[in-house]
Amino acid sequence: MTGLQAQREIMVIHGRFDPAPFLAWIARHAGKLGLRNEIAHASGDRIELRTEGPEELLSALEMACLLGPIEAWVETIERDLVLESDCGSSTLALSPKNAP
């Protein structure tokens with residue numbers, strides 16, 4: 001998979017689910033795709049992940065979360081690209097993934 005550049009995103013999953021088994025499921029699938037992620041928030045109606053990897057594989061994880069597992073009902077997924085500031089400091093800015 002050469003040529004795929006990694007990017008960082010915040011992925012917010014909205015729906016109805018038991019967070020513990022769904023997070024384990026997400027971790028398993030993210031690992032299969034070679035993605036890094038960490039949990040920022042988890043409740044029965046919202047999960048927020050900090051993810052990192054090639055955009056195409058992040059999209060694959062998004063699609064996987066929308067389709068399964070059967071016990072989880074995912075209504076929407078928001079993805080925001082994390083951009084590093086131009087000044088080279090550690091300050092980060094968010095940019096909506098699907099913004100025009």
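What pattern does the chain follow, read along the sequence? Going along the sequence, you get β-α-β-β-α-β-β. This is a predicted model, where local features need pLDDT of at least 70, side-chain atom pairs count only at pLDDT 80 or more, and totals for chains, interfaces and linings use all residues. Residues are numbered from 1 along each chain as its sequence is written, and side-chain values use heavy atoms, with hydrogens and water left out.

**View 1. The whole chain has two helices and five strands.** Helices (H or I, at least four residues) and strands (E, at least two) are DSSP runs, numbered from the N terminus. Of the 100 residues, 31% count as buried (under 20% relative accessible area, 1.4 Å probe, protein chains only).

**View 2. Helix α1 (residues 19-33) crosses helix α2 (residues 55-67) at roughly 150°.** Their axes come within 10 Å; axes are lines fitted to C-alpha atoms over the stretch in contact, with angles running from 0 to 180 degrees between N-to-C directions. On the α1 side, the contact (heavy atoms within 4.5 Å) is made by Phe22, Trp25, Ile26, His29, Ala30 and Leu33. From α2 come Leu57, Ala60, Leu61, Ala64 and Cys65.

**View 3. Helix α2 keeps Leu57, Leu58, Leu61, Glu62 and Cys65 buried.** Those buried residues line one face of the helix, because they fall within an arc of 150° seen down the α2 axis (the arc is that of the directions from the helix axis to the C-beta atoms). What covers them includes β1 (6-16), α1, β3 (46-54) and β4 (73-84).

Notes
Buried means under 20% relative accessible area, exposed over 50%, partly exposed in between (1.4 Å probe, protein chains only).
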